[in-house]
Amino acid sequence: MALPHEKERSDSQEFSPVGTWALLCLIAAAMVAAWLFLYFGVFLPRGTVH
């Protein structure tokens, strides 16, 4: 005999974690944008190491 909470748990495992992937992609895009800003906006204008 299956308990009601076991059915709810099995139903929730059928859906893909779309929100998690969206958040992951958003954070990854923000990190790439920050890295590009640092590289092109801060490091390259300062020139080479002397």
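**View 1. Helix α2 along its length in the predicted model.** Helix α2 comprises 29 residues and spans 41 Å from its first C-alpha to its last, a value close to the 42 Å expected at 1.5 Å a residue. The model shown here, as in every view below, is a predicted one. Within α2 there is a kink of about 30 degrees, and this kink is centred on Tyr39. Just after the helix comes Gly47, whose phi is positive, at about 90 degrees.

**View 2. The chain as a whole.** Of the 50 residues in the chain, 0% are buried. The accessible surface of the chain is about 4900 Å², and carbon and sulfur atoms account for 72% of that area.

**View 3. Stacked rings of Trp35 and Tyr39.** The structure contains two aromatic pairs, one of which is formed by Trp35 and Tyr39 in a stacked arrangement, with 5.4 Å centre to centre and 5 degrees between the planes. Because Trp35 and Tyr39 lie four residues apart in helix α2, about one helical turn separates them. Trp35 counts as exposed because its relative accessible area is 53%, a value over the 50% cut-off for that class. Tyr39, with a relative accessible area of 34%, is partly exposed.

**View 4. Tyr39 and Phe40, and the cluster of rings.** What arrangement do the rings of Tyr39 and Phe40 take? Their pair is edge-to-face, with 5.0 Å centre to centre and 85 degrees between the planes.

View 5. Which residues make the nonpolar surface patch of about 940 Å²? The patch is made by Val32, Trp35, Leu36, Phe37, Leu38, Tyr39, Phe40, Phe43 and Leu44.

Definitions and conventions. Residues are numbered from 1 along each chain as its sequence is written. This is a predicted model: local features need pLDDT of at least 70, side-chain atom pairs count only at pLDDT 80 or more; totals for chains, interfaces and linings use all residues. Side-chain values use heavy atoms; hydrogens and water are left out. Patches are made of residues with over 30% relative accessible area and no salt bridge: like charges are joined within 9 Å, nonpolar side chains (Val, Leu, Ile, Met, Phe, Trp, Tyr) within 5 Å. Accessible areas come from the Shrake-Rupley method with a 1.4 Å probe; for residues, only the protein chains shown count as cover. A salt bridge is a side-chain nitrogen of Lys or Arg within 4 Å of a carboxyl oxygen of Asp or Glu. Buried means under 20% relative accessible area, exposed over 50%, partly exposed in between (1.4 Å probe, protein chains only). Rings of Phe, Tyr and Trp (its six-membered ring) pair if their centres lie within 6.5 Å; planes under 30 degrees apart count as stacked, over 60 as edge-to-face and the rest as tilted. Helices (H or I, at least four residues) and strands (E, at least two) are DSSP runs, numbered from the N terminus. The expected span of a helix is 1.5 Å times one less than its number of residues. The bend at a residue is the angle between axes fitted to the seven residues ending there and the seven starting there.
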